[in-house]
Amino acid sequence: MKSQQLPILSKSMLIILAISSGMSVANLYYNQPLLADMAQTFHVSARQMAKISMLTQAGYALGLFLFVPLGDIREKKRLILILLGAVSCSLLGVACSSSLALLGIASFAVGTTTVIPQIIVPLAAQLADAKEQGRTVGIVMSGLFFGILLARTISGIVGGLLSWRAMYFIASGMMLVLAVILQRILPLSKPSSQLTYFQTLRSLGGFMINQPVLREAALMGGLLFGSFSAFWTTLIFFINQPPYHYGSEVAGLFGLIGVAGSSFAPYAGRLADKKGPRFMAGTASAVTLLSFGVLWLLGYHLWGLILGVILLDLGVQSAQISNQTRVYSLVPEAKSRLNTIYMVTYFIGGALGSYLGMLAWSVLHWNGVCLVGSIMILLSLLIWSTGRKYSTQ
């Protein structure tokens, strides 16, 4: 049930929410094009640097579990502003890290406090008309996806021109600026639940047990994002070697290529409204599997790598929108808690994919990365196919 204190979702507010999601989620992805530069700074191997990407995503999963449920029981604007201040401090910690251990701790803290988008997305769904939820989630998620992709582009360029540390100083300042802007424009929101914090956390288990659609969507999302993370975490090491010999700047520019896939995200939301989000989730998973086939067979050709990146972003992001649309429709008064379960699983999958991708790279190089990604997608399709007996959403 919508709070009476919340305004009807306007076009301008929707755009603001989308931009805010993109700016804040970018903190998770600045490190991916910079991992090789970080490895040189601390004189460590690619396998050791894999822990940094994994810790960032694992921290995000923990932050989702600890903070996102508060969206149902606390005023969202104040919660968002507090988290923006915390992530600004965490980003400064990364910039000032003097050892790999300190970098890991600070990166984990960045992940834990960068959960603002997952408070914003349920807020947008709550403000939207029920028939427009898929489209609304699609637009906000487009902003989030553009943030993910442009984060790699920006950090690659800044890292090449200045340094990886400079990128994190800049990011810290950007979060403070965003906090000032949102302080002025975000609406106040009334909590949708009267539960205590610990009751809220305990209720998560009940949703997992009683909502098979939630389980299916969460597991699919985690596996698909795992394949996505396996690719993006290892891309910089792949293009550093023959036949490419590219650096962090070019690795970041591949994020712009993924924009072609992200631009389809609003249409995926509309198709989810028309064709059914479950159908779209399965179709998008199949597209993601195709992308790894292209990357595996044609990734040593630049045009094949570009095509694979476009298909990968198109598939993963369309599946994300479709699965979140399914989840938000289950228990309207518990959107934040449902989103917590979905996104915790999602980023556990991402952390696992980052680790397995780098492990596969160290053993089998590109063939290993593509094998890991393909297996994770096949598992997601298996979950999707076996879920038909209880799910039409």
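**Figure 1. Confidence along the predicted chain.** The protein chain has a mean pLDDT of 83, and 88% of its residues reach 70 or more; pLDDT is the predictor's confidence in each residue, from 0 to 100. This is a predicted model, in which local features need pLDDT of at least 70 and side-chain atom pairs count only at pLDDT 80 or more, while totals for chains, interfaces and linings use all residues. Residues are numbered from 1 along each chain as its sequence is written, and side-chain values use heavy atoms, with hydrogens and water left out. Confidence is highest in helix α6 (residues 100-113), at a mean of 94, and lowest in helix α13 (residues 265-275), at 64. Over residues 1-5 pLDDT stays under 50, and the model has ten contacts for them beyond four places in sequence. Contact means heavy atoms within 4.5 Å.

**Figure 2. The chain as a whole has 16 helices and zero strands.** Helices (H or I, at least four residues) and strands (E, at least two) are DSSP runs, numbered from the N terminus. Of the 393 residues, 60% are buried. Buried means under 20% relative accessible area, exposed means over 50%, and partly exposed lies in between (1.4 Å probe, protein chains only). Among contacts between residues at least 6 apart in sequence, 84% join residues at least 24 apart. The chain exposes about 14800 Å², and carbon and sulfur atoms supply 69% of that area. Accessible areas come from the Shrake-Rupley method with a 1.4 Å probe; for residues, only the protein chains shown count as cover.

**Figure 3. Tyr168 and the nonpolar cores.** In soluble globular proteins, nonpolar side chains tend to be buried together. A nonpolar core is a set of buried Ala, Val, Leu, Ile, Met, Phe, Trp, Tyr and Cys residues joined through side-chain atoms within 4.5 Å. The largest core here has 115 residues, and those with the most contacts inside it are Leu84, Tyr168, Phe231, Trp232, Leu305, Phe347 and Trp366. Apart from its neighbours within four places in sequence, Tyr168 touches Tyr30, Asn31, Leu34, Met38, Leu91, Val94 and Ala95. A second, separate core has five residues, among them Leu223, Ala230, Ala360 and Met376.

Figure 4. Side chains of opposite charge can pair when their charged atoms come close. The structure holds two salt bridges, a salt bridge being a side-chain nitrogen of Lys or Arg within 4 Å of a carboxyl oxygen of Asp or Glu. In one, Glu216 pairs with Arg278, and the closest N and O atoms are 3.2 Å apart. Glu216 is in helix α11 (residues 212-239) and Arg278 in helix α14 (residues 277-298), 62 residues apart. Glu216 also pairs with Arg326, with the closest N and O atoms 3.1 Å apart. Arg326 lies in helix α15 (residues 302-328) and Glu216 in helix α11, so this pair ties together parts that are 110 residues apart in sequence. Glu216 and Arg278 are buried, and Arg326 is buried too. Through shared partners, the salt bridges join Glu216, Arg278 and Arg326 into one network.

Figure 5. Leu150, Ile154, Ile157, Leu161, Leu162, Ile170, Leu253 and Leu256 make a nonpolar surface patch of about 700 Å². Patches are made of residues with over 30% relative accessible area and no salt bridge: like charges are joined within 9 Å, nonpolar side chains (Val, Leu, Ile, Met, Phe, Trp, Tyr) within 5 Å. Helices α8 (133-161) and α12 (248-262) each supply at least two of the patch residues, and α8 gives the most, with four. Ile157 sits in helix α8 and counts as partly exposed because its relative accessibility is 35%.

Figure 6. Most residues other than glycine have a negative phi, and most peptide bonds are trans. The peptide bond from Pro242 to Pro243 is cis, with omega near 5°, and Pro243 is in the loop between α11 and α12. His43 has a positive phi, near 55°. This residue is in the loop between α2 (35-42) and α3 (46-67) and is exposed, with a relative accessible area of 73%. His365 also has a positive phi, of about 55°, but is placed in helix α16 (residues 335-386). His365 is partly exposed, at 38% relative accessible area.

**Figure 7. Leu70 and its surroundings.** Leu70 belongs to helix α4 (residues 70-73) and is buried, with a relative accessible area of 14%. Beyond its neighbours within four places in sequence, Leu70 is in contact with Leu79 and Tyr197. Leu70 and Arg337 are 267 residues apart in sequence, yet 8.3 Å apart in space, C-alpha to C-alpha.
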